[in-house]
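Please look over the sequence and the structure shown here before reading on.

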Amino acid sequence: MTEVEDLLATVTRLLHARGEKMSAPRRAVIRALAHQGGHLSADAVVEAVGVIDASVHRASVYRTLAALSDADVVHHVHEGHGTTVYHLRTGPHLHAQCTRCGDLIDVRPDLVDDVATALHAEYGFALDAEHVALSGTCNQCAGHTPHHPTQHPE
């Protein structure tokens, strides 16, 4: 069994436990996100799904992204300028986006622990940084060591 097939089997079990089914659109969206291996806009997911299963309608892809996000299978991140991208959940992590090249990298969630603690202590604010990308300049654009945008933190 391939990694994607293992993932589909796992998600199928998860959905069944929630009283839901693994539909053709859900299968196609998961395959598209797995094969693309990155952070995709909804339009890019629609395009990738069209290659996998042309019978899946655009509206079904959007509904499926929402349903799989609710099931915690797919994660969405708001990039700069309001763009939302989707990826398969790989465990807790944050995102940093280069304002020059646009690359989005996965970073350890504990990097903002001190900020979260200070926000809560001083303002009673509970930080949820998983759904937004932190802005800055990547090493490559700054002229330093190249980074690996698809590398996941351990």
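Where is the place of Asp-72? Asp-72 sits in the loop between H4 and E2, where helices (H or I, at least four residues) and strands (E, at least two) are DSSP runs numbered from the N terminus. The phi of Asp-72 is near 65°, a positive value in a residue other than glycine. Most residues other than glycine have a negative phi. With a relative accessibility of 45%, Asp-72 counts as partly exposed; buried stands for under 20% relative accessible area, exposed for over 50%, and partly exposed for what is in between, with a 1.4 Å probe and protein chains only.

The model is a predicted one, in which local features need pLDDT of at least 70 and side-chain atom pairs count only at pLDDT 80 or more, while totals for chains, interfaces and linings use all residues. Residues are numbered from 1 along each chain as its sequence is written, and side-chain values use heavy atoms, with hydrogens and water left out.

Taken as a whole, the protein chain has six helices and six strands, and from the N terminus on these elements run α-α-β-α-α-β-β-β-β-α-β-α. Its C-alpha trace spans about 45 × 35 × 30 Å along the principal axes. Of the 154 residues of the protein chain, 34% count as buried. The accessible surface of the protein chain comes to about 9,100 Å², of which 52% belongs to carbon and sulfur atoms; such areas come from the Shrake-Rupley method with a 1.4 Å probe, and for residues only the protein chains shown count as cover. Among the contacts in the protein chain with a separation of 6 or more, 51% are accounted for by residues 24 or more positions apart, a contact being heavy atoms within 4.5 Å.

Pro-25, Arg-26, Ala-28, Val-29, Ile-30, Ala-32 and Leu-33 are buried in H2, and what covers the buried residues of H2 includes helices H1, H3 and H4 together with strands E1, E2 and E3. After H2 comes Gly-37, whose phi is positive, near 65°.

A further open sheet has three strands in the order E5-E4-E6, with mixed pairing. Strand E5 (104-107) and strand E6 (133-136) stand at the edges with a single partner strand each, so one side of each is left without a neighbour in the sheet. From one strand to the next, the twist averages 30°. E4 is joined to E5 by four bridges in the antiparallel sense, and the bridge partner of Leu-94 in E5 is Val-107. These two strands form a hairpin with five residues between them, and Gly-102 in the turn has a positive phi of about 85°. Strand E4 (residues 94-98) pairs with E6 in the parallel sense over four bridges, with His-95 standing opposite Ala-133 in E6.

Strand E4 also holds Cys-98. Which residues is Cys-98 in contact with, leaving aside its neighbours within four places in sequence? They are Asp-103, Gly-136, Thr-137, Cys-138 and Cys-141. The C-alpha atoms of Cys-98 and Leu-134, 36 residues apart along the chain, are separated by 8.6 Å. A search of the whole structure finds zero disulfides, a disulfide being a pair of cysteine sulfur atoms within 2.5 Å. For Cys-98 the nearest cysteine sulfur, that of Cys-141, is 3.6 Å away. For Cys-101 the nearest cysteine sulfur, again that of Cys-141, is 3.7 Å away. Cys-98 counts as buried at 5% relative accessibility, whereas Cys-101 is partly exposed, with a relative accessible area of 39%.

Methods. Pairing = 2+ DSSP bridges. Axes fitted to C-alpha atoms, helices over the stretch in contact; angles between N-to-C directions.
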